[in-house]
Amino acid sequence: MGSTERKYELCGPFLPRRHPSFKTSAEIVGEARRILRAQSTQRPCTPRDAQRQLFARSSVRADHSNRPSSTFSLHAQNFDFGDSRPSSGTRLSPLEHKTKIPFPGHDDISKSSPKPPTDPQDTRRPLLRMRTRLLRATSLTALPPLAPRTDAPQERLHQDPAKKLPPAHYFVSGDHKEVSGVPHLSAPRRSQSESSRLLQCSVDSGVGSDEVRSGQRTDLDASGKNNTSAGAESRWDPIAPLLQQLKAVAAGGSGEASLEHLCDLCVALQDALAEAGMLGPHHCKKRSSILRTLFQLIDLNSPRLHMHVAELSLALHVSGNNLLNICKLIFQISRSEDNDILFQNNSVLDLLLGLLLREDASTCGEALFYCAGAIKFLSGNAAIVHLLLEKNFMSTAHDFIQKLCRADDTRVTIAGHILVQLTATLRNLADHPEARPFFVSYCLMSDLCLVLQRHCQDQDVCTNVSRIYSKLSSYAECRLTLAQTPDCYQLFLELLSKHHQKQDLVVRLLFTLGNLTAKSDEARQRLFRCEASVDTLLRLYDDYQLREDGPTPLAGEREAEDVLVKLVRVLANMCIHEDVGAALASNTTCIQLLMETLELRSVEENEELTVNVAAAINNLTFYRKESAVLRRSQLAIAQLMLKLVLSSNMAAMLEATRVYGNLSQSKDVRDFIMQNKVHRFVVTLLDSKNPDLCFSACGVLTNLALDPPNRAGLSREGAATKLTDCLGDLGAGDWQLAAQLCQALWNMSGGGGPETLLAAQDRKSLLEILTSYLDAEEVRRGAEDEDYHRELWELEFRPVALKLYRAWSIK
């Protein structure tokens, strides 16, 4: 049969450690399956509020008085009818010359005083030249040149040269002169109707247009009138009647027919304004009159009509108090799910997204807050989620987050309120498969880390982001992107330490870390190498370990158990990395906390926790030879595993059996197993026909059979016969299991010794099974992955099966 040394190599303990340089791919796969296992657990449930609210009941802002209100009433009187056009942002340059201020009685006052024109025909020319120069030097709010009036009374065009000016101070600016303290004398006084018509002409001629900004004069026709005036009047013709109808119908009542008619009129008005080019950030003709008419409709109780008012107002780029009230109006409409359909067939969503990109939190933060709140409510509707993705919401969210995170510290409060709404929206979108790729393509995974860094003190923001990560980290592409985000591991640890008392935040961060470390050796190492990583995790473990005589727990029993389940999973996954596992196996606090949990908890009441703890101990006991702590504690651990093996829970029995498979490499533990009759339960597991249970039980039997006194006891329990039955039933589909079954049979025969473990009929069955399996052509036939199965068969099963076949064929 060969030398004693070669016999001992096969008749050895269960799963001996091999030198890494000699591992084949099949051995690596087998070792990962047999010993070190990443743990899985359920994702924490995201609570849903029964009603649409700005802040959940669990929010730290729920009872704060300094947060924006979610309940308010809006009426027409709340709006400013004289809404002004948003500022162009252009600032005037300071005057470069020094102001000259002549004093009364100065000899040269008369030289600087304006002289009345002597010729009525020349009255307008100096005025036009002067105002043209003014327009070149001023901002967009300046008016263009005024057209001359040929029908103005002649007496108003003349000034009495003998009439003296009242005392005044004068200042000189550029090439023109103005009087401070008295009315401008450079323009004749006009009637109200004339001024109104001139203002209309000036607006329609394009105040703030490229021509005015470049300093070009508006051309006058032969009659002296502005050429654009007639065009403006023609564009206004279809709009004026619509406003009159709106006023008349609104005054007539709020019946269903009237409301329907008002909605149609609003649509027609918006179409007419768009056709005339009067929408957008620039003033349109009679803007105040349009807004006054629209805002009066707010008092009518009709969400559909309010939507039309809001859409038109946003299209006109209202600002200030009116913008805030319009955002509040949209927010009110969005609070009812019945109104969701109103947002699906108009441009309101586009206008809201444009608002997020255009406006700044420092100037209209509260309006942006209600805007983000409305979008959050709507994101609970799957149809609107699809619309948001079509309208590139994810790109808008990326840009908006970048803008908010660049904000000054003085805006942190309102920025935090806005981010609560925005991150809640992203949390809703993370549930939709079509949205998940955009989190990667628009760098939102790293954006959210930036949010955590800037708002690490804000528990609501951090909790929302943790919910997003807990959802997305369950998917490979998102998980890989997050794992590659710089410093995310250190950031998560700092948040766990800072907010260790907030259970819903802690449990989600731990779940995310568990996902990151489940399949990545690099993630396990990076987490371990973070500053105070193990200390932070173990301190959390101690805080949430419920003890009868301990301090007041940080959470209820179920909440604390959920934290421990996720935390133990992180530790179990980290142990898969060889260096990390060896370090944790030598950590006394870690081993003591795990053992304490098994002492305090029962399988029946705390199934998932006890199973995860047993799995973590299984991974740690893989490094038993390298850890003095585990060697000292192995008998105590074996005692704790008893209640799991004796339970009726199959998952607990499986994990406990795996632990015994590692610990039974020790003679003391093997004696403990035999003395406490544990081997009987292990043999019984072979009847389960469950490949994982049989594999683990077979490993324990392999180690127990090392000691000659144990073989007789195993034989009396029918271990050899059951091993043979498992080989016939399961071996053909699982070559790793088949190899371990043959190893157990080999050890029970004393490495090919004279022991007789099987009856004649059982020996015949064993030889037939081995003959069949050793037929390479039959074995390889029908394999899905031929190369993989051939490697498992040739490297793991065939050597031990041949030895076993030769030994039993001689007998």
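The model is predicted, so local features need pLDDT of at least 70 and side-chain atom pairs count only at pLDDT 80 or more, while totals for chains, interfaces and linings use all residues. Residues are numbered from 1 along each chain as its sequence is written, and side-chain values use heavy atoms, leaving out hydrogens and water.

**Helix H10**
- H10 covers residues 256-275; helices are DSSP runs of H or I with at least four residues, numbered from the N terminus.
- Its 20 residues reach 29 Å from first C-alpha to last, close to the 28 Å expected at 1.5 Å a residue, where the expected span is 1.5 Å times one less than the number of residues.
- Buried residues (under 20% relative accessible area, 1.4 Å probe, protein chains only) of H10 include Leu 259, Leu 262 and Leu 269.
- The buried residues of H10 pack against helices H9 (239-252), H11 (287-296) and H12 (303-315).

**Thr 597**
- Thr 597 lies in helix H29, residues 588-600.
- Thr 597 counts as buried because its relative accessibility is 0%.
- Not counting residues up to four places away in sequence, Thr 597 touches Tyr 541, Gln 545, Leu 609 and Val 613; contact means heavy atoms within 4.5 Å.
- The C-alpha atoms of Thr 597 and Leu 609 are separated by 8.5 Å, with the two residues 12 apart along the chain.

Conventions
Helix = DSSP H or I, 4+ residues; strand = E, 2+ residues; numbered from the N terminus. Buried < 20%, exposed > 50% of the residue type's maximum accessible area, 1.4 Å probe, protein only.
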